[in-house]
Amino acid sequence: WDMVGGAGSGSDGMGMGDRLEIRREKSGRGGKTVTTISGFSSRISRKTRNGILKEVKTKLGTGGTWDGECMEIQGDKRQELVSWLSDLGFRPVLAGG
């Protein structure tokens, strides 16, 4: 199951134009930087969300997890995530630092 197989489909993707906030956070994490993505629609199933996370971790070669409704990726991967999530049909925006 390859979610990026249809890359380039833009608005036809699973995101359906949903706005996602991508931000870099460092506070309260022992000096480590993480990139957080929030705003995923509740219509996207837990299984699909886990699939997205797995593919992001593989593509970016980094660790990550779900913290409630927020995806956390190790390191500052904002630019890579904006491009990748846009290809899935989401509307990612950089928020904060």
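**Exercise 1. Work out how strand S2 is paired with its neighbours in this predicted model, and where S2 stands in the sheet.**

*Solution.* Begin with strand S1, residues 19-25, which pairs with S2 in the antiparallel sense over 5 bridges.

Next, turn to strand S4, residues 70-74, which runs antiparallel to S2 and is joined to S2 by 4 bridges. Here Ile37 stands opposite Met71 in S4, while the bridge partner of Thr36 in S4 is Glu72.

Then place these pairings in the whole sheet, which is open, has 5 strands in the order S3-S4-S2-S1-S5 and shows mixed pairing. The edge strands are S3 and S5, since each of them pairs on one side only. From one strand to the next, the twist averages 25 degrees.

**Exercise 2. Decide whether strand S2 is largely enclosed or largely open, and describe which helices lie across the sheet strands.**

*Solution.* Strand S2 covers residues 34-38, and the step that settles the matter is to consider its buried residues, where buried means under 20% relative accessible area. Of the 5 residues of S2, 4 are buried, so the strand is largely enclosed by the rest of the structure.

Now consider the helices: H2 lies across S1, S2, S4 and S5, and runs at about 165 degrees to S1. Helix H1, for its part, lies across S3 and S4, running at about 150 degrees to S3.

**Exercise 3. Describe the largest nonpolar core and say which elements contribute to it.**

*Solution.* The largest nonpolar core has 17 residues, and those with the most contacts inside it are Ile37, Phe40, Met71, Ile73, Leu81 and Leu85. The elements that give two or more residues to this core are S1, helix H1 (46-60), S4 and helix H2 (78-87). The largest share, 4 residues, comes from H1.

As a closer look at one member, follow Ile73, whose contacts beyond four places away in sequence include Val34, Thr35 and Ile37, as well as Leu53, Val56, Leu60 and Leu81.

**Exercise 4. Find the aromatic pairs in the structure, and explain what parts of the chain they bring together.**

*Solution.* A pair of aromatic rings is described by the distance of the centres and the angle of the planes. A search of the whole structure finds 2 aromatic pairs. One of them is formed by Phe40 and Trp66, which are edge-to-face, at 5.3 Å centre to centre and with 70 degrees between the planes. This pair links distant parts of the chain, because Phe40 lies in the loop between S2 and H1 and Trp66 in strand S3 (residues 64-67), 26 residues apart.

Phe90 lies in the loop between H2 and strand S5 (91-94), so its pair with Phe40 ties together parts that are 50 residues apart in sequence. Phe90 counts as buried, at 5% relative accessibility.

Taken together, the ring pairs link Phe40, Trp66 and Phe90 into a cluster.

**Exercise 5. Identify the arginines that lie over the ring of Trp66.**

*Solution.* The charged end of Arg46 sits over the ring of Trp66, 5.8 Å from its centre. Arg49 lies over the face of Trp66 too, at 5.8 Å from the ring centre.

Conventions:
Residues are numbered from 1 along each chain as its sequence is written. This is a predicted model: local features need pLDDT of at least 70, side-chain atom pairs count only at pLDDT 80 or more; totals for chains, interfaces and linings use all residues. Side-chain values use heavy atoms; hydrogens and water are left out. Buried means under 20% relative accessible area, exposed over 50%, partly exposed in between (1.4 Å probe, protein chains only). Two strands pair if DSSP finds at least two bridges between them. A nonpolar core is a set of buried Ala, Val, Leu, Ile, Met, Phe, Trp, Tyr and Cys residues joined through side-chain atoms within 4.5 Å. Contact means heavy atoms within 4.5 Å. Rings of Phe, Tyr and Trp (its six-membered ring) pair if their centres lie within 6.5 Å; planes under 30 degrees apart count as stacked, over 60 as edge-to-face and the rest as tilted. A charge sits over a ring if NZ of Lys or CZ of Arg is within 6 Å of the ring centre and within 35 degrees of the ring normal. Axes are lines fitted to C-alpha atoms, for helices over the stretch in contact, and angles run from 0 to 180 degrees between N-to-C directions.
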